Amino acid sequence: MLQGWIVVGASFLYLSLLFAIAYWGDRRADQGRSVIATPYIYALSIAVYCTSWTFYGSVGRASSSGPHFLPIYLGPTLMACLWWIVLRKMVRISKRNRITSIADFISSRYGKSTLLGGLVTVIAVVGIMPYISLQLKAVSTTFNVLLSAAPGEAGSLFTDTSFYVALSLAAFSILFGTRHIDASEHHEGMVAAIAFESVVKLIAFVAVGVFVVWGVHDGWGDLFGKAALDPAIAKLFTIGSVADHGNWVVITLLSMVVIICLPRQFQVAVVENVDETHIRKAVWLFPLYLVLINLFVLPIAVAGLMRFPGGTVHPDTFVLALPMAHQFEALALFAFIGGLSAATGMIIVETVALSTMVCNDLVMPVLLRLRWLKLHERSDLSRLLLAIRRGTIVLVVYLGYLYVRLIGESFALVTIGLVSFAAAAQFAPAMLGGMFWKGATQKGAFAGLTAGFLIWMYTLLLPSFARSGWLPESFLDGPFGIGLLEPYALFGLSGLDHVTHSLIWSMIGNLGAYVMVSLLTQQSAIERIQASLFVDAFRGDQRGSRFWRGSATVADLTALVVRFVGAERAERAFARYGRTRGVDVASLRDADADLVNFVERLLAGAIGAASARVMVASVAQGEIVGLHEVMEILDEASQVIAYSQQLETKSRELEIATEDLRDANERLKELDRLKDEFISTVTHELRTPLTSIRSFSEILHDNPEIDPEQRQQFLMIIVRESERLTRLINQVLDLAKIESGNAQWDIVTVDPRDVIRDAAAATGQLFKDKAMILRLDLPDEAPVVRTDRDRLMQVVINLLSNAVKFCEAGRGEVTVRLLALRDGVEVCVGDNGPGIPLAAQSKIFEKFQQVGDTMTAKPEGTGLGLAICRSILNRLGGSIRVESTPGRGATFCFFHPLEAQTAEAAEARPGV
């Protein structure tokens, strides 16, 4: 038996270690050095699925039903095989729409419905409450085992261990889950701590298993051989009756869906995901984790039954009781820490997820509609949001503690967990159906969730109250004694496990209402748009199909964002937006469609999609819609328009087509003018070197006795002008091929650092000839890009050659810098030359435009280099700009996306 102060001290030290890890993770994130940007941390964070239910409850279930604990882990293993399709799509949708919770996900899919988001939040809070209580009960029970080698009853409030654990975990969740309001909603410190906990609980459980199999017994054969001699224990090695087979299938299917429907799993697998490619490794790492942590469940259960016959020790506590019985208190304490890890990880992530849902989808929508609160007059609401989330965490943990004290003592750990599983499963039709069925409606989702939740309450939650004495026990026989309404045998369906029975009826009601109501109701315009965005999430960049009609100022949108996320984070977000699009947001007066959409998605991360839509609408008079979706709506509506209206529509379309033809004709005239201008310029540029070549050739021809030294000088001029002529012709042809779309694009995966180094090597002699310095400022790691390597290298070489021309020999310095962005890379080539006049900066990317200076008067070259750079980058989906102050040098910066986006590039891409 261990002393209480030892257990409490070890627990306190462990929780302090978690604090330290989370703090370290947050500090690293603030410094831009993420500790969670690896698939291994990602997979370990998903292992928060393994709670104290796994650590203790699985052994308890195996002690009574043998391998029937396996479906809880077989389901997630099967679902992991589909993650690259299902989970990746959820991540893609969530990142694009700034979704931060399950309630936000479902609400956003069905027209950003506030009502639907509130319903999902209520279901989540009520349904997950038993699961939180399970963790607190496990901590309290196992603490008593360590002190007395047998489970005990919870004492008074101030002597109950789970009460103090609840307070500690609430404080931890508040400190590292709600430190600030951030639209990205990444809690890197929390994820790092959860991953560490996953390692601890795995090692602790495996340590107990190794001790039982090889420390107490002489291996697997010895253990199971002794167990087989006891007929009661030997039954645990079989699956059982036909009904047991049915329960096995139902629980497997249930666990398949809850691995993505539980709020905490959605939080770590979707919201906290920083790179969707991490899913590839999680597909096999997470199932491997499940195999390892369940490897010794049955051996520990069998060993416990043999060591403690007759039910003298509760099977849920075998993990601790076995080491204690053999005087291995240190191992028992380590196992307790492992169980504490399993419980704390679940409570922390679950409460953070629920607090976000309650704040964004329940409380804030109500507060924003109460005019008498005058929230619209407050300049900063970020503190209010934090207070709501922190208060929610305390309330949720307290309700879980209240549930375990009032009701939890009547059920085993596994039973409590399955009750919450069945509640979380109610989200599956609305979530999965919404991702793959465009016809699903908001009314259908609301009807399905309501029906499933009510049936779940009637067949599982309320009976648990009756069994605990908080409702009349007669309720279990059906209201008013009606046998067909028995909660555990509804409409005469009997002989099934209570959870299986409830899940069958709730899914029938949920799916039936969801499908039927969706088929009988019509979608609104916003529902149709959101359905298209969700179902077609993998169909390229959907931002291009969006437009907006209305009016909004940048100042109003900026003030709106500042109110909810704070001035500093708002400024950083707008700066990032401007940098990726090459615009200065602060200099703009009116907002365009992209900016309005960006603000709405930014606010969605802080207050939810539904509330964000309302707030943006309060300052932006208009609506963001998709062109493709609008045409789809009009096409559907045209089917029910009368014949006369159809003729009117055709007439209008003819007018539009006529206008389009008129515009096209004007464009052709403009192209014809530009062609003549281009030919004239090219002719002029070609005439200059040709005139020089002809003149010096005639001199050499007419004066055969010319001085050899002067002859050599004239020949060098002819060679140089010939090279210039060749270079001009090649550049003209290259530019023409690019702009006509006839250029060949060889799209491959390249490291931009290698391209920069090769370009520097190719131009190295130029720098040596002029005694100039070239510096490369490249990061240790950079994202690879899909591009035409030769074309990208041509861009860098052109910029380096351009920098050499404009720098003074012997004093010139050129720096190449590579910066990794969220959706691409930026390369900047800066020099210390004379700079570019402001009036010329807008023209230098045009053909045959050159800027002279005091040193060169007219620079060498054709004036096509920068034009070619711009054409190449435009075709690859990038952009280029110049930053220069006259007298202080010039910096050319170009952006390249992670993957080339042009039609030519797409055709060159393998498999596209």
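Student: Which helix gives the largest share of the lining of the largest cavity?

Tutor: Helix H25 does, with four residues. A cavity here is a set of points, on a 1 Å grid over the protein atoms alone, where a 1.4 Å probe fits but cannot get out, and lining residues have an atom within 4 Å of a point. Helices are DSSP runs (H or I) of at least four residues and strands are DSSP runs (E) of at least two, numbered from the N terminus.

Student: What kind of model is this, and how are residues numbered?

Tutor: This is a predicted model, in which local features need pLDDT of at least 70 and side-chain atom pairs count only at pLDDT 80 or more, while totals for chains, interfaces and linings use all residues. Residues are numbered from 1 along each chain as its sequence is written, and side-chain values use heavy atoms, with hydrogens and water left out.

Student: Back to the cavities. How many are there of 30 Å³ or more?

Tutor: The structure holds three of them.

Student: Which residues are closest to the centre of the largest one?

Tutor: Ten residues line the largest cavity, and the closest to its centre are Tyr577, Thr580, Arg581, Phe598 and Arg822. Two elements give two or more residues to this lining, namely helix H25 (567-581) and helix H26 (593-607).

Student: What about Leu595, is it buried or exposed?

Tutor: Leu595 is placed in helix H26. Its relative accessibility is 1%, so it counts as buried. Buried means under 20% relative accessible area, exposed means over 50%, and partly exposed lies in between (1.4 Å probe, protein chains only).

Student: What does Leu595 touch?

Tutor: Leaving aside residues up to four places away in sequence, Leu595 touches Val554, Leu557, Phe574, Tyr577 and Val585. Contact means heavy atoms within 4.5 Å. Val585 is ten residues from Leu595 in sequence, and their C-alpha atoms are 9.1 Å apart.

Student: New topic: which residues touch the most other members in the largest nonpolar core?

Tutor: They are Tyr49, Trp83, Ile300, Phe421 and Phe427, in a core of 167 residues. Domain 1 (4-425) and domain 2 (426-542) both give residues to this core, so it lies between them. A nonpolar core is a set of buried Ala, Val, Leu, Ile, Met, Phe, Trp, Tyr and Cys residues joined through side-chain atoms within 4.5 Å, and the domain bounds come from an automatic or database domain assignment.

Student: Which residues does Phe421 touch?

Tutor: Not counting residues up to four places away in sequence, Phe421 touches Tyr49, Trp53, Ile72, Tyr131, Leu254, Ser255, Val258 and Leu262. There is also a second, separate core of 43 residues, which includes Ile756, Val814, Phe894 and Ala900.

Student: Why would such residues gather?

Tutor: In soluble globular proteins, nonpolar side chains tend to be buried together.

Student: How many disulfides does a search of the whole structure find?

Tutor: The search finds one disulfide, a term that stands for a pair of cysteine sulfur atoms within 2.5 Å. Cys828 and Cys893 form it, with their sulfur atoms 2.1 Å apart. Cys828 lies in strand S7 (residues 824-831) and Cys893 in strand S9 (residues 890-897), so the pair, 65 residues apart, links distant parts of the chain.

Student: Why is the disulfide called right-handed?

Tutor: The torsion about the S-S bond of Cys828 and Cys893 is about 115°, so the disulfide is right-handed. Cys828 is buried, with a relative accessible area of 2%, and Cys893 is also buried, at 2%.

Student: And Cys81, buried or exposed?

Tutor: Cys81 is exposed, because its relative accessibility is 61%. Cys50, at 0%, is buried.

Student: Why is helix H20 described as largely enclosed?

Tutor: Seven of the nine residues of helix H20 (residues 428-436) are buried, so the rest of the structure largely encloses the helix. The buried residues are Ala428, Pro429, Ala430, Met431, Gly433, Gly434 and Met435.

Student: Last one: where is Lys112?

Tutor: Lys112 is in the loop between helix H6 (102-109) and helix H7 (114-148). Its phi is positive, about 55°, although Lys112 is not a glycine. Lys112 is also buried, with a relative accessible area of 14%.

How values were computed: 1 Å grid on protein atoms, 1.4 Å probe; cavity = no way out; pocket = protein on both sides within 12 Å on 5 of 7 lines; lining within 4 Å. Points joined across faces, edges and corners; volume = space filled by probe spheres on them.
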